[in-house]
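Subject: Structure for you to look at

Hello,

Here is the structure I said I would pass on. Please open it first, then read the notes below it.

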Amino acid sequence: MVIPAQAALWFVPFVLPICLYVAYTDLREMKIRNHAVTTLAAVFVFVGLIAYAPFTSEWISGRIGPIPLALPTYVWQLLHLPVVLLIGVLLNAAGALGAGDAKFAAAAAPFVWTGDLRLATGLLTAGLLGAFVTHRIAKHSPLRRIAPNWKSWDTGKKFPMGLALGGSLAAYLVLGAIHGT
């Protein structure tokens, strides 16, 4: 994994509770709350200053379109947020994704290193499949009685993506803390 283990260790204690909260509220209400998304982004902004020490580390060269730039790692990671937000808005406009899902994915994007994109995509895919199957099994089993008033049980084909998105981000950071560089 490309994510530095030390950075993942800084993020895990702050991000894990947010991911659990997002999964819970999406199951219960079919909504990812804005305060959870804002808090997740704020965790990266503030804890990222410690985890990536933007002006004490080596600057990385890259390009934004035709413009070559050298920026601290922290800034490159932070630039993931508006890019994923734009993609999420387009997917939301096409009806493929909920607005809360798009915002959460954007807030989660700075935590994921581009070198780990294939792994993160695999984690998200596995998380989506696992969460979908688990949710559908629980929906049609006696487990439903544990939380009978959750909206996600009665939404037809809709699925609480916060369960998969939060779980995938949590898994990525925990794996990064264990196997990161």
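Helix α5, which spans residues 99-108, is mostly covered, with seven of its 10 residues buried. Please keep in mind that this is a predicted model.

The buried residues of α5 are G100, D101, A102, F104, A106, A107 and A108. If you want to see what lies over them, look at helices α1 (5-29), α2 (34-52), α4 (80-93) and α7 (161-179), which are among the parts that cover the buried residues of α5.

The C-alpha atoms of D101 and R33 are separated by 9.8 Å, and the two residues are 68 apart along the chain. R33 itself sits in the loop between α1 and α2.

Next, the charged side chains. How many salt bridges does the count come to? The count comes to three.

- R28 and E29 meet through their side chains, at 2.1 Å from N to O.
- E29 and R33 also meet in a salt bridge, at 2.4 Å from N to O.

Is E29 buried or exposed? E29 has a relative accessibility of 15%, so it counts as buried, because buried means under 20%. R28 has a relative accessible area of 28% and is therefore partly exposed. R33 is also in the partly exposed class, because its relative accessibility is 32%. For these two, the class runs between the 20% limit for buried and the 50% limit for exposed.

The remaining pair is R144 and D154, whose closest N and O atoms are 2.5 Å apart. Both R144 and D154 lie in the loop between α6 (117-139) and α7, 10 residues apart. R144 is partly exposed, with a relative accessible area of 24%. D154 has a relative accessible area of 55%, so it is exposed; the cut-off for exposed is over 50%.

1. Start at α5 and pick out its buried residues, including F104.
2. Go from D101 to R33, with 9.8 Å between their C-alpha atoms.
3. Finish at the salt bridge between R144 and D154.

Regards

Technical notes: Residues numbered from 1 in each chain as written. Predicted model: local features only at pLDDT ≥ 70, side-chain atom pairs only at ≥ 80, totals over all residues. Heavy atoms only, no water. Buried < 20%, exposed > 50% of the residue type's maximum accessible area, 1.4 Å probe, protein only. Helix = DSSP H or I, 4+ residues; strand = E, 2+ residues; numbered from the N terminus. Contact = heavy atoms within 4.5 Å. Salt bridge = Lys/Arg side-chain N within 4 Å of Asp/Glu carboxyl O.
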